[in-house]
Amino acid sequence: MTHLASLLAPLGTHVPARTHTHSSEIAPTDLKSPAGNSKGEGQAAAHCTMSVTSGKTGPSLTQEILSHLGLASKTAAWGTLGTLRTFLSFNADKDVQRLLRAIAGQGVDSSAIVDVLTNRSREQRQLISRGFQERTQQDLLQSLQAALSGSLERIVVALLQPAARFDAQQLRTALKDSSSAEDVAMEILATRTPPQLQECLAFYKHDFQMEAEEDIKSKTSGILQDLLLALAKGRRESYCGIIDYNLAEQDVQALKRAEGPSTKGTWVLVFTQRNPEHLVRVFHQYQRDTGHELEKTVRHRFHRDAQGPLLSLASVIRNTPLYFADKLHRALQETEPNYQVLMRILVSRSETDLLSIRAEFKKKFGKSLYSSLQDAVKGDCRSALLALCRAEDI
């Protein structure tokens with residue numbers, strides 16, 4: 001600490017703030033990829049589903065158009081529905097100096113550490129880490145780990161790591177523990193964009209000297225393995241705002257015909273390669289055609305070990321914020337709150353859709369996520385989790 005204390009002189013240099021698409025794999029015989037009449041059309045179809053008219057009853061054209069306007073796509077005025085955004089008055093030098101004071105004194109000022117790290121974007125936290133390294137010749141993450149312990153230390157580690165490396169570590173831990181492989185691996189692989197997945201899997205290979213696919217093959221089996229491997233390939237079609245009613249009808253009919261374990265390939269292909277917007281339309285059309293939700297068919301046709309993965313993925317697809325709200329609620333309802341789940345979700349979703357998750361939580365459970373955290377969480381990590389949640393929902 002003596003060395004760190006000697007570094008608290010005014011800093012001389014300001015560190016400035018810096019301001020997928022895939023075609024499906026070969027489908028089962030009853031599924032077809034979007035077709036084109038020429039090579040150029042086929043290439044376009046690989047990038048987005050084509051728009052065609054359909055005689056099926058459903059949302060009007062006006063409703064379809066409005067549902068895909070920018071204002072309806074869950075985007076707030078400052079860019080995302082995350083609770084944490086870029087700090088406009090950011091000055092990396094001042095943050096470095098404050099963190100040095102927090103760990104160089106007689107006692108560790110954990111509140112100052114939490115205040116800095118939970119009020120900066122991940123990119124800004126990386127700039128702080130770089131500035132700390134340049135000034136002290138020491139690693140900020142290691143310095144904070146030495147000063148902290150317990151749950152707060154784990155949250156700080158999660159905040160300071162690149163998001164993809166944090167995901168890779170969480171994925172590795174889940175795959176080593178068969179009881180959490182389905183839950184955590186599905187969460188990460190099903191909710192990250194293709195570029196995020198690619199970066200996560202690159203970190204996985206670098207940090208653990210092994211491809212994630214190898215661990216998936218050795219640690220899982222059955223339809224869970226099929227789904228995770230398919231998701232890990234990152235071949236989900238990208239949504240480009242154009243609706244293909246024919247493909248939706250084709251997928252509905254294929255799922256209606258796909259009965260029994262021998263047809264699981266159809267379910268895996270549709271669930272892992274179609275874009276979520278398309279799949280939501282498939283789910284709705286399936287219910288209109290059959291009179292019941294797709295999930296009921298999953299429970300009827302598949303054995304218990306296959307039901308869980310399919311139902312989890314369907315839940316992610318139907319409503320991702322609600323999926324995370326449910327997971328947070330379960331973590332808070334345990335005898336001792338599951339801090340690992342709370343930390344993973346609040347950190348990973350704080351810059352994307354935590355406001356939407358909070359809204360779904362309040363709507364379903366009648367109590368805000370912020371109040372629930374206040375009531376259930378104890379210890380030194382409480383302030384950090386509340387800071388990431390940000391505010392009460394009236």
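## Cysteines

C389 is buried, because its relative accessibility is 0% and the cut-off for burial is under 20%. C381 is buried as well, with a relative accessible area of 1%. This is a predicted model, and it holds zero disulfides. A disulfide is a covalent bond between the sulfur atoms of two cysteines. No such link is found in this structure.

## The whole protein

The protein is built with 23 helices and zero strands. It has 394 residues, and 47% of them count as buried. The accessible surface comes to about 19,200 Å². Carbon and sulfur atoms account for 51% of that surface.

## Helix α5 and its cover

Which residues of helix α5 are buried? The helix spans residues 110–117, and A112, I113, V114, V116 and L117 are buried in it. An α-helix has 3.6 residues a turn, so residues three or four places apart point the same way.

I103 sits in helix α4. Is I103 buried or exposed? It is buried, because its relative accessibility is 2%, under the 20% cut-off. I103 and I113 are ten residues apart along the chain. Their C-alpha atoms are separated by 8.6 Å. I113 is one of the buried residues of α5.

S143 belongs to helix α7. It has a relative accessible area of 10%, so it counts as buried. S143 touches I103, F132 and Q138, leaving aside residues up to four places away in sequence. A polar atom of the S143 side chain lies 2.9 Å from the backbone oxygen of D139.

## Aromatic rings

How many aromatic pairs does a search of the whole structure find? It finds six. One of them is formed by W267 and F302. This pair is edge-to-face, with 90° between the planes. The ring centres are 5.5 Å apart. The pair links distant parts of the chain, as W267 and F302 are 35 residues apart. W267 is in helix α15 (residues 264–273). F302 is in the loop between α17 (294–301) and α18 (304–318).

Both W267 and F302 are buried. Ring pairs also join W267 and F302 with F271 and F283 in a cluster.

Another ring has a charged neighbour. R120 lies over the face of F87. The distance from the ring centre is 4.0 Å.

## A buried arginine

R344 is part of helix α20, which covers residues 339–349. Why does R344 count as buried? Its relative accessibility is 2%, and burial means under 20%.

What does R344 touch, not counting residues up to four places away in sequence? The contacts are F166, Q170, V184, E187 and K327.

How values were computed: Residues are numbered from 1 along each chain as its sequence is written. This is a predicted model: local features need pLDDT of at least 70, side-chain atom pairs count only at pLDDT 80 or more; totals for chains, interfaces and linings use all residues. Side-chain values use heavy atoms; hydrogens and water are left out. Helices (H or I, at least four residues) and strands (E, at least two) are DSSP runs, numbered from the N terminus. Buried means under 20% relative accessible area, exposed over 50%, partly exposed in between (1.4 Å probe, protein chains only). Contact means heavy atoms within 4.5 Å. Rings of Phe, Tyr and Trp (its six-membered ring) pair if their centres lie within 6.5 Å; planes under 30 degrees apart count as stacked, over 60 as edge-to-face and the rest as tilted. A charge sits over a ring if NZ of Lys or CZ of Arg is within 6 Å of the ring centre and within 35 degrees of the ring normal. A disulfide is a pair of cysteine sulfur atoms within 2.5 Å. Accessible areas come from the Shrake-Rupley method with a 1.4 Å probe; for residues, only the protein chains shown count as cover. A polar contact is a pair of N or O atoms within 3.5 Å; within protein, one must be able to donate a hydrogen and the other to accept it, and residues adjacent in sequence count only if both atoms are side-chain atoms.
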